[in-house]
Amino acid sequence: VRAELSAYSTPKQNNTQMNGDEDKENALEGYERLLQMLDIAQDRHDSIKANDTLEYIQSMMDLGELHYQLGNMEQSQDMFMSVLKQLLENNTDNGGSIMMMVAQSMHSLGSVHARCGEFDEAYRWYEESLRRKNEIIRESSNSESINSYHFELGKTHNALAALQTMRGGMQWREAMSMFQLAERHQLHGHLRDDGDALGMEENVVTKQILEKLTPHHVQSIVNIRFNVGKLLQQHAQYDDAVDTFRDALDLARLDVERMTTDDVKDNGTYAAVGHPSPFERKNTVVELLVQIADCHASAQNFDEAAQAYEEALGYHIFFRRWKGNSDESIGQEASVLPATFSATNIKIDIENATTMEAAIRSNLAHALAHIGQEKLGLEHYEASLKIKRQIGGSEHVEVAHT
């Protein structure tokens, strides 16, 4: 389950990649990009003279989040504990924004403990964060901030449901209800009083709604739907899981379609800490297609599985070359992304091939073999093997497996 445990959390790379290897074309999209952002955040933190200002505290939260993403749990915990100490001991302002920073820091401390497998401690931090966020909303008189407060509340509901699912302390239907509650909070302000989303039919977020949401907001909702899909998949509810992943995919595609050429070019410190990069937004589309294909394969629907794997492979390769949309194409009714891909036309480019491509080709070959397309399946197995040898070396376990 994608826990979206962090206060700012971003989508993670698909776990089918070997040893965390990153696409060479997106060298700053993984560990190196985070290290660069950490250096910049540290310089900014060091340049702030007064250590009792909100700017200084926010810089500490940014450092804590980056350490979390880099896997430096001790440093991350130290940062967020220092933030709590500063806010609770030295700050006399009990306004909503200050109290929300306290709740966010508690949420992030829950993230650290959950990632370390300390589920009971994580649960206590999340529960306290949830209590404080609910209290902030009840006492808030600032209508301009209320949507962002509900958004934060939705994050913690999502994290708690994911945590309880991982620790086995919640029935799966109860977890489903909590995930759904998380999404309702995240869409607060886009809902009518009767509970239906404005412009939404069967949980489809329209372009009109999407235009009002930031990429970070969109990815957070996608994370929730991803969690629901995985939960359904784990309980062999494959048709419902596919429908849920499709809902998430529609939203992720709409988000990618609004990316301009400038968005895609912006490959450095283009976003605030923890906000999704262009590469991460594109990779979400591919990852969701893989999940859909996996569900079909688990249900022995290999025709549908092969089609979804083809689409995932096609988009993965297409996105490596895609430079974004022109400003004129943004907002058009017709999709600017390809509708379909054919497995016979997806040629290998060994110099730019990635471990993700190798994994998808291997899964596609498996599905093709089940529907009598052995020759085409063998071609994808051979392409996958060539990529894995290129990246991992001839003695890599994935080479032996393929």
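Tutor: Angles under 35 degrees between two axes count as roughly parallel, over 145 as roughly antiparallel, 65 to 115 as roughly perpendicular and the rest as oblique. The model is predicted, and local features need pLDDT of at least 70, side-chain atom pairs count only at pLDDT 80 or more, while totals for chains, interfaces and linings use all residues. Residues are numbered from 1 along each chain as its sequence is written, and side-chain values use heavy atoms, with hydrogens and water left out.

Student: How many helices and how many strands does the secondary structure of the chain come to?

Tutor: Helices (H or I, at least four residues) and strands (E, at least two) are DSSP runs numbered from the N terminus. Counted in this way, the chain comes to 16 helices and 0 strands.

Student: What percentage of the contacts in the chain with a separation of 6 or more is accounted for by residues 24 or more positions apart?

Tutor: A contact means heavy atoms within 4.5 Å. Of the contacts in the chain with a separation of 6 or more, the share that joins residues 24 or more positions apart is 70%.

Student: How do the residues of the contact of helix 5 with helix 6 divide into nonpolar, polar and charged?

Tutor: Helix 5 passes helix 6 in a left-handed crossing (the near helix is turned anticlockwise from the far one by less than a right angle; clockwise would be right-handed). In the classes used here, Ala, Val, Leu, Ile, Met, Phe, Trp, Tyr, Cys and Pro are nonpolar, Asp, Glu, Lys and Arg are charged, and the others, Gly among them, are polar. The residues of this contact of helix 5 with helix 6 divide into 14 nonpolar, 6 polar and 5 charged.

Student: How many nonpolar, polar and charged residues does the contact of helix 6 with helix 9 have?

Tutor: On the side of helix 6 the meeting residues are Phe 151, Lys 155, Asn 158, Ala 162 and Thr 165, while those of helix 9 include His 216, His 217, Ser 220 and Asn 227. The crossing of helix 6 and helix 9 is left-handed, and by class their contact has 4 nonpolar, 7 polar and 1 charged residues.

Student: At what angle do helix 14 and helix 15 pack?

Tutor: Helix 14 (residues 355–370) passes helix 15 in a left-handed crossing, and helix 14 and helix 15 are roughly antiparallel to each other. Their axes are 8 Å apart, and helix 14 and helix 15 pack at an angle of about 155°.

Student: With the side chain of which residue does the side chain of Glu 357 make a polar contact?

Tutor: Glu 357 is found in helix 14, and with a relative accessible area of 0% it is buried (under 20%, with exposed over 50% and partly exposed in between, for a 1.4 Å probe and protein chains only). Leaving aside neighbours within four places in sequence, Glu 357 is in contact with several residues, including Leu 313, His 316, Ile 317 and Ile 387. A polar contact is a pair of N or O atoms within 3.5 Å, where within protein one must be able to donate a hydrogen and the other to accept it, and residues adjacent in sequence count only if both atoms are side-chain atoms. At 3.1 Å, the side chain of Glu 357 makes a polar contact with the side chain of Arg 320.

Student: Does Gln 300 count as buried or exposed?

Tutor: Gln 300 lies in the loop between helix 12 (278–298) and helix 13 (302–321), and it has a positive phi of about 65° although it is not a glycine. At 55% relative accessibility, Gln 300 counts as exposed.

Student: What separates the C-alpha atoms of Met 101 and Leu 84?

Tutor: Met 101 is found in helix 4 (residues 96–115) and counts as buried at 9% relative accessibility. Met 101 and Leu 84 are 17 residues apart along the chain, and their C-alpha atoms are separated by 8.5 Å.

Technical notes:
Axes are lines fitted to C-alpha atoms, for helices over the stretch in contact, and angles run from 0 to 180 degrees between N-to-C directions.
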